[in-house]
Amino acid sequence: MKQIQPVADLHRHLLGSMTEHFVTTQVEKYTGKDLTAQFNPLQRAFLEGTPFGQKLLRHLATLSPETTAGRFRSFSTLHEFLQCYLASSALVREPEDFSFLIQEAIREAAAEQLSYVEFTVSPTLYLSDAISLPVLVELLEHYCQTSEELAVRWLLDPVRNRGGEAALALLRQILNLSPQALCGVSLAGDERAAPLEEFSGYFRLAKSGGLGTTAHIGEGLEETDFSVALELPLDRIGHGNASILCPMIVDAIVAKEIAYEVCLTSNRKTAAVPDGAPHPVAALWKAGARLTLNTDDPFHFETTLQNEVESFLTETNLSQEAISALNENAMHAAFALTSKPSNT
Ligand SMILES: [Zn+2]
């Protein structure tokens with residue numbers, strides 16, 4: 001039967017959408033410069049905290065076009081991935097770097113023939129003396145609004161590690177800039193770094209401002225307290241794998257019609273779902289969960305949305321018809337999609 005193409009990616013980080021071309025260009029531009037200088041104390045401590053992170057810091061002092069992309073993709077745990085991700089943000093130091101990153105991310109999504117993408121953007125990864133928040137928002141708005149090949153919107157991620165107060169303050173600052181292409185807020189980063197309840201004010205402010213809401217919750221298969229999540233005004237859950245440990249939680253998520261942002265390749269490559277263990281996606285499908293397929297970080301995980309479709313069919317043994325349902329789910333769960341994409 002005719003292959004059904006995926007149409008929308010709702011969980012795709014902007015930084016994780018860099019390309020080989022971006023990395024090579026930036027490495028050539030910055031070889032010989034101290035790329036660690038822009039890390040703030042919290043970021044530096046996150047990298048210095050483990051031998052793996054220390055090695056990444058040393059790599060940033062000796063960049064090479066041949067090895068840098070591979071270095072950012074060599075991790076075996078979720079924590080190591082988060083360190084690689086942070087390290088790769090060092091390649092963005094000036095407004096023109098940030099513009100280049102957005103252009104490349106949109107170009108790649110267009111090459112995948114997607115109709116709609118919500119890029120999750122973590123401003124604190126880029127802010128510096130050279131890149132102020134108004135400059136960052138202006139660039140995002142410009143490229144989102146002028147994208148012709150596909151509809152592009154962005155989600156704010158204040159980075160969980162910085163805590164709830166900082167998240168709320170950042171959202172207020174951004175709302176004062178009245179961005180038009182901002183369609184929602186997310187919450188990424190280390191789930192253990194700050195309890196979800198700290199972010200109640202952040203999510204409520206977003207909701208009252210008409211924005212969609214999502215958060216990375218239960219990414220790994222460890223016991224996770226979903227009770228707070230279920231009290232927050234959340235439209236979607238990023239990953240949500242740990243919900244499978246408690247059928248009542250899955251039932252509650254299904255009953256509230258909260259969509260799951262499933263990221264299969266990401267989960268395998270970070271070992272959030274270890275090799276050998278079945279991915280919860282098959283059981284969630286059977287439970288009637290509203291599933292969407294997403295890439296998370298196509299550069300770091302070397303994936304595309306089409307690749308995620310193939311992984312999904314392998315994990316679940318379902319047929320192509322299921323992809324239509326997933327596309328419907330994505331369109332329904334999208335925060336700013338008002339018309340049906342044309343290539344369904
Ligand atoms: Zn993510």
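Guide: Before the helices are compared, one term is required: an axis is a line fitted to C-alpha atoms, for helices over the stretch in contact, and the angle between two axes runs from 0 to 180 degrees between N-to-C directions. Two packed helices are described by the angle between their axes and the distance between the axes. Please bear in mind that this is a predicted model.

Let us begin with helix α6, residues 95-111, and helix α7, residues 133-146. Their axes come within 10 Å and cross at roughly 30°. Angles under 35 degrees count as roughly parallel, and α6 is therefore roughly parallel to α7. As to its hand, the crossing of α6 and α7 is right-handed. On the side of α6, the contact is formed by Pro95, Phe98, Ser99, Ile102, Gln103 and Ile106. From α7 come Val135, Leu136, Leu139, Leu140 and Tyr143. Sorted by class, the contact of α6 with α7 holds nine nonpolar and two polar residues, with no charged residue.

Helix α6 also meets helix α1, which spans residues 20-30. The axes of α1 and α6 come within 10 Å, and the crossing angle is roughly 160°. Angles over 145 degrees count as roughly antiparallel, so α1 is roughly antiparallel to α6. The crossing of α1 and α6 is right-handed. Here His21, Phe22 and Gln26 of α1 meet Asp97, Phe100, Leu101 and Glu104 of α6. The contact of α1 with α6 comprises three nonpolar, two polar and two charged residues.

A further pair consists of helix α3, residues 51-61, and helix α5, residues 78-88. The axes of α3 and α5 come within 10 Å and cross at roughly 20°, and these two helices are therefore roughly parallel to each other. Helix α3 passes α5 in a right-handed crossing. Its residues in the contact are Phe52, Gly53, Leu56 and Leu60, while α5 provides Glu80, Gln83, Cys84 and Ala87. Five residues of the contact of α3 with α5 are nonpolar, two are polar and one is charged.

We may now turn to the sheet. It is an open sheet of eight strands, in the order β1-β2-β3-β4-β5-β6-β7-β8, and the pairing is parallel. At its edges lie β1 (8-13) and β8 (290-293), each of which pairs on one side only. From one strand to the next, the twist averages 30°.

Strand β5 (residues 212-217) runs parallel to β6 (residues 236-239), and four bridges join them. Thr214 has Arg236 in β6 as its bridge partner, and Ala215 stands opposite Ile237 in β6. Three bridges join β6 to β7 (residues 259-262), again in parallel. Ile237 stands opposite Tyr260 in β7. Between β6 and β7 the chain passes through helix α11 (residues 247-255), and this β-α-β crossover is right-handed.

Terms used: Residues numbered from 1 in each chain as written. Predicted model: local features only at pLDDT ≥ 70, side-chain atom pairs only at ≥ 80, totals over all residues. Parallel < 35°, antiparallel > 145°, perpendicular 65-115°, else oblique. Left-handed = near helix turned anticlockwise from the far one by under 90°. Contact = placed C-beta atoms within 7 Å. Nonpolar A, V, L, I, M, F, W, Y, C, P; charged D, E, K, R; others polar. Pairing = 2+ DSSP bridges. Right-handed = clockwise from strand over helix to strand, strands pointing away.
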